[in-house]
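Student: I have a new model open and want a quick tour. Can you walk me through it?

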Amino acid sequence: MENKLLSAKAILPKYDRSKLVSRIVHLGFGAFHRAHQAVYADILANEHGSDWGYCEVNLIGGEQQIADLKKQDNLYSVAEMSADAWHCRVVGVVKDAIHAQVDGLEAVFSALTKPEVAIVSLTVTEKGYCHTPATGTLLLDHPLIAHDLANPQQPKSAPGVIVEALARRQAAGLPAFSVMSCDNMPDNGHVTRNVITAYAQALNPELGEWIQTSVTFPSTMVDRIVPAVTAETLEQVAQATGVADPAAVACEPFRQWVIEDNFVAGRPEWEKVGAELVKDVLPYEEMKLRMLNGSHSFLAYLGYLAGYQHISECMQDKNYRRTAKALMLQQQAPTLTVQGVDLEKYADSLIARYTNPALRHRTWQIAMDGSQKLPQRWLDSICWHLANGSQFDLLALGVAGWMRYVSGEGENGEVIDVRDPLLNRFQAIYTEHGLSCNVVKPLLAIEAIFGPELPQQGAFVDAVTQAYQGLLDHGARHCVTALNSERDK
């Protein structure tokens, strides 16, 4: 298979792969990582002779991804999809691939305790941090964390694996590494530090102190739209490259990476291939999370309820298109602190990216795990508007759309396949109250999502209740159109 991929119609690795060193161990070999961080490393090796390679690790799930990668000598292809053409590359920077449940945890720890490892990076989604999204604190009673505290040398969670690896490095007299989150959370480095150090302190205060003083947790902002891989995607990549590749991934041409330059054991020269190394990532993270991810979630829930399967379909509806831009500029942009960015131009670029017909980004995919995403995408902005006495009707409709979506019943009575860590809570509330406004207050009472204070704000509760009733009475498409009409008055 290697020979076939190395003859693909694509940009191929020109560098000597045998000279790569696995200085980065990455947890979460999913589609986004393949299309984003690994591509930066591949371009850096191809164009600047970098020898920074990756050891890829999946802890839970994704067995087939690792198996497919291994069969191809750790090569895989990435296709950038635009309306006029697909441009492909074969990524060769992966040196090793491990699955914790297939190859064993000791194989993972062997990789993490190699002296040359300088960075452990993560794309494990928000729920992989085992934290409360509303506050960023570790859930000590989370099933995975509770297991790991009782069995620290046989951990299942990402925090548990990282802390055990650091404990082994400390015991062996090896230097610490930096831990770099590449997940969509505001101040993701701070969240990562919180959960890692809280877990370590609960396990061993002395170890916790060593981690506090020896490890850095650089924040990052990552941006590239990467739809979930489908059989159709794989077929289109095969047509474009001339080679069938089960590990292939497709994405939009755009990519962005902003990184806090705070590493204890060195880092690649990412700035040579377009990454931005800065002192403070948070303003950029908030901009992306609120304007891009926030509008994405709005379109996911209100679009799915209206029958739109893909974001690009939402963009064909002038009311959804206008509302998405209004949400970005009128209700998200005012809450931001980022300097030197033309936010109107940024919003226009997002709308153009969403409209890309080659990107079949499913509303259902974006709608997953909403309980983990709402605080950073919408709720922080709502708190800002409440404090400033400004309008947040679009954000309130978004929250109501999420509530309507997690009922598990579509507007025509069809079943919605809701995927969320708190699904049982939602189901219990709907079982008790039915499809009515009586669900609003019990859903808002889920403190892990909404915190203790926001549900006490009458203006917020009233706005969400009114929006939810509108969805029940008229449906998502009508509600989005009605808000546009209000703005035209």
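Tutor: Start with an open sheet of three strands, in the order β4-β3-β11, with mixed pairing. The edge strands are β4 (86-91) and β11 (249-251), each pairing on one side only. From one strand to the next, the twist averages 25°. Keep in mind that this is a predicted model.

Student: How many bridges join β3 to β4, and which way do the two run?

Tutor: Six bridges join them, and the strands run antiparallel. Strand β3 covers residues 76-81.

Student: Give me bridge partners I can click on. Who sits across from Glu80, and who from Tyr76?

Tutor: Glu80 has His87 in β4 as its bridge partner. For Tyr76, the partner in β4 is Val91.

Student: And which helices pack on this sheet?

Tutor: Helix α3 (residues 37-48) is one of them, and it touches β3 and β4. The direction of α3 makes about 75° with that of β4. Helix α11 (residues 231-241) lies across β3, β4 and β11. Helix α11 runs at about 90° to β4.

Student: New topic. Where is Thr220?

Tutor: Thr220 is in strand β10 (residues 220-223).

Student: Buried or exposed?

Tutor: Thr220 is buried, because its relative accessible area is 1% and buried means under 20%.

Student: What is Thr220 in contact with, leaving aside neighbours within four places in sequence?

Tutor: The contacts include Met180, Ser181, Cys182 and Asn188. Trp257, Val258 and Ile259 are also among them, as are Val281 and Glu285.

Student: How far apart are Thr220 and Asp261?

Tutor: They are 9.4 Å apart in space, C-alpha to C-alpha. In sequence they are 41 residues apart.

Student: On to charges. How many salt bridges?

Tutor: The count comes to 18 salt bridges. Take Lys127 and Asp369, whose side chains meet at 3.5 Å, N to O. This pair links distant parts of the chain, 242 residues apart. Lys127 is in the loop between β6 (119-122) and β7 (131-132). Asp369 is in the loop between α16 (363-367) and α17 (370-388).

Student: What about Glu252 and its salt bridge?

Tutor: Glu252 forms a salt bridge with Arg353, and the closest N and O atoms are 2.5 Å apart. Glu252 lies in the loop between β11 and β12 (256-260), and Arg353 in helix α15 (residues 343-355), so the pair ties together parts 101 residues apart in sequence. Glu252 and Arg353 are both buried.

Student: Then which residue forms a salt bridge with Asp348?

Tutor: Lys325 does, with 2.5 Å between the closest N and O atoms. Asp348 is in helix α15 and Lys325 in helix α14 (residues 318-332), 23 residues apart. Asp348 counts as partly exposed, at 37% relative accessibility. Lys325 is partly exposed too, with a relative accessible area of 25%.

Student: Which residues do shared partners join into one network?

Tutor: Glu106, Glu164 and Arg168 are joined that way by salt bridges.

Student: Last stop, α10. Which residues there are buried?

Tutor: In helix α10 (residues 205-214), Leu207, Gly208, Trp210 and Ile211 are buried. Seen down the axis of α10, the buried residues fall within an arc of 160°, so they line one face of the helix.

Student: What's exposed on the other side of α10?

Tutor: Pro205, Glu206 and Thr213 are exposed there.

Student: And what covers the buried residues of α10?

Tutor: The cover includes α8 (158-171) and α9 (188-203).

Student: Which residue caps the N-terminal end of α10?

Tutor: Asn204 does. A side-chain oxygen of Asn204 lies 3.0 Å from the backbone nitrogen of Glu206.

Methods:
Residues are numbered from 1 along each chain as its sequence is written. This is a predicted model: local features need pLDDT of at least 70, side-chain atom pairs count only at pLDDT 80 or more; totals for chains, interfaces and linings use all residues. Side-chain values use heavy atoms; hydrogens and water are left out. Two strands pair if DSSP finds at least two bridges between them. Helices (H or I, at least four residues) and strands (E, at least two) are DSSP runs, numbered from the N terminus. Axes are lines fitted to C-alpha atoms, for helices over the stretch in contact, and angles run from 0 to 180 degrees between N-to-C directions. Contact means heavy atoms within 4.5 Å. Buried means under 20% relative accessible area, exposed over 50%, partly exposed in between (1.4 Å probe, protein chains only). A salt bridge is a side-chain nitrogen of Lys or Arg within 4 Å of a carboxyl oxygen of Asp or Glu. The arc is that of the directions from the helix axis to the C-beta atoms. A polar contact is a pair of N or O atoms within 3.5 Å; within protein, one must be able to donate a hydrogen and the other to accept it, and residues adjacent in sequence count only if both atoms are side-chain atoms.
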